[in-house]
Amino acid sequence: MLVRLTVEHPSYSLDYSFKPYSEDWFVSDVGMKMKKVMESTNMVAVDCEMVLCEDGTEGLVRVGVVDRDLKVILDEFVKPNKPVVDYRTDITGITAEDIENASLSVVDIQETLQPFLSTGTILVGHSLNRDLEVLKIDHPKVIDTALVFKYPNTRKLRRPSLNNLCKSILGYEVRKTGVPHDCVHDASAAMKLALAVVEKRVDTTIKPSKEMLEVEKAKLFLHKIPNNVPSEELEQVLSGKFTLDVKQAKTQGRYYCAFALFHSSEDADQAFEHIDGIEMTDSLGLPQKVVIIKLSSGSRASIYVRKMVQDE
């Protein structure tokens, strides 16, 4: 059922279209195999940490894999095959020293996972397409908790975060503000969420709490940020006191995004009002502004700043 909910989501065809392939991709042929392989309910959860490489793509630096019993199958550093320009240490917790002695490659990780993939094991994760893209794996049996769970009465395709799902369903925060991610913890959280539906029949429609809505109101979303804009230079866009939570790109490309976390919704509203930019709405009708910033290099860049909820 969870595999079906994933592949039937309107975003699946876009998120999981990993073409064109290069020679170093592993493309699972499980869909061509016998019925019992396709019907296997074995599951492993995967999460990766990525860094920004010199050519603007993302490089794999750590991978965590757990089984259905939350036993750690894999927790390894990976050596990127391209020069790294940003380790995103605040997010990944990874430094250059961490991977200095790493010897494993993406191909090594593929070979470790191949026995699971060839027997029809279901891969589980949150925004799993991002992980599969850096792992260079295409596998037809996936459960993506970002696509399985949804908020009620939300227009279009707004996705719940892993942290909000954990707070709503599991009763704990997997990611605390200012604390780097841990891929093993995130993989375990995704597995627990899948098992909550399979074993406890938890509803996949999540009602946001008042606390969750207040947290959302106290944020501003900075997106379509060109990769050549250092995250430190985003400070000039907003006024007031806030913390920046920079996010890895969902797909390899030219942009990344970040959240500005304020003390209150009033502070976030005031900061939005003071932004010098062109005001408009996004595809969901949420207020946003386009801002032109001047970088220390002398060049200019445009970014978008959006509210997280409707003003009303």
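Reader: Could you start with Leu 70: at what relative accessibility does Leu 70 sit, and what does that make the residue count as?

Author: Leu 70 has a relative accessibility of 33%, so it counts as partly exposed. The scale works like this: buried means under 20% relative accessible area, exposed means over 50%, and partly exposed is what lies in between, using a 1.4 Å probe and protein chains only.

Before going on, bear in mind that this is a predicted model, where local features need pLDDT of at least 70 and side-chain atom pairs count only at pLDDT 80 or more, while totals for chains, interfaces and linings use all residues. Residues are numbered from 1 along each chain as its sequence is written, and side-chain values use heavy atoms, with hydrogens and water left out.

Back to Leu 70. You'll find this residue in the loop between strand 3 and strand 4. Helices (H or I, at least four residues) and strands (E, at least two) are DSSP runs, numbered from the N terminus. The backbone here has something to look at: phi of Leu 70 is near 70°, a positive value in a residue other than glycine. Most residues other than glycine have a negative phi. Lys 224 also has a positive phi without being glycine, with a value near 55°. That lysine is found in strand 9, residues 219-226, and with 44% relative accessibility it counts as partly exposed.

To place these residues, look at the whole chain. It is divided into domain 1 (1-200) and domain 2 (210-307), with bounds that come from an automatic or database domain assignment. The C-alpha centres of the two domains lie 26 Å apart.

Now for the charged pairs. A salt bridge is a side-chain nitrogen of Lys or Arg within 4 Å of a carboxyl oxygen of Asp or Glu, and by this rule there are twelve. One of them joins Lys 82 and Asp 55, whose closest N and O atoms are 2.9 Å apart. This pair links distant parts of the chain: Lys 82 is in the loop between strand 4 (72-77) and strand 5 (84-86), and Asp 55 is in the loop between strand 2 (43-53) and strand 3 (58-67), 27 residues apart. Lys 82, at 33% relative accessibility, counts as partly exposed, and Asp 55 does too, at 47%.

Another salt bridge brings together the side chains of Glu 58 and Arg 88, at 2.7 Å from N to O. Glu 58 belongs to strand 3 and Arg 88 to the loop between strand 5 and helix 4 (89-92), so this pair ties together parts that are 30 residues apart in sequence. Both Glu 58 and Arg 88 are buried.

In Asp 269 and Lys 307, the closest N and O atoms of the salt bridge are 3.3 Å apart. Here helix 12 (residues 265-273) holds Asp 269 and strand 14 (residues 300-307) holds Lys 307, so parts 38 residues apart in sequence are tied together. Asp 269 is partly exposed, at 34%, whereas Lys 307 is buried, at 6%. Salt bridges that share partners also join Arg 62, Asp 75 and Asp 182 into one network.

Next, the rings. Rings of Phe, Tyr and Trp (its six-membered ring) pair if their centres lie within 6.5 Å; planes under 30 degrees apart count as stacked, over 60 as edge-to-face and the rest as tilted. That gives six aromatic pairs. Phe 18 and Trp 25 make a tilted one, with 5.4 Å between centres and 35° between the planes. Both of these residues are buried. Tyr 21 and Trp 25 have ring centres 5.3 Å apart and planes at 55°, so they are tilted as well. Tyr 21 itself is partly exposed, at 32%. One aromatic cluster takes in Tyr 12, Tyr 16, Phe 18, Tyr 21 and Trp 25.

Lys 219 lies over the face of Phe 259, 5.1 Å from the ring centre, and the charged end of Lys 289 sits over the ring of Phe 272, 5.0 Å from its centre.

Note on methods:
Lys NZ or Arg CZ within 6 Å of the ring centre and 35° of its normal.
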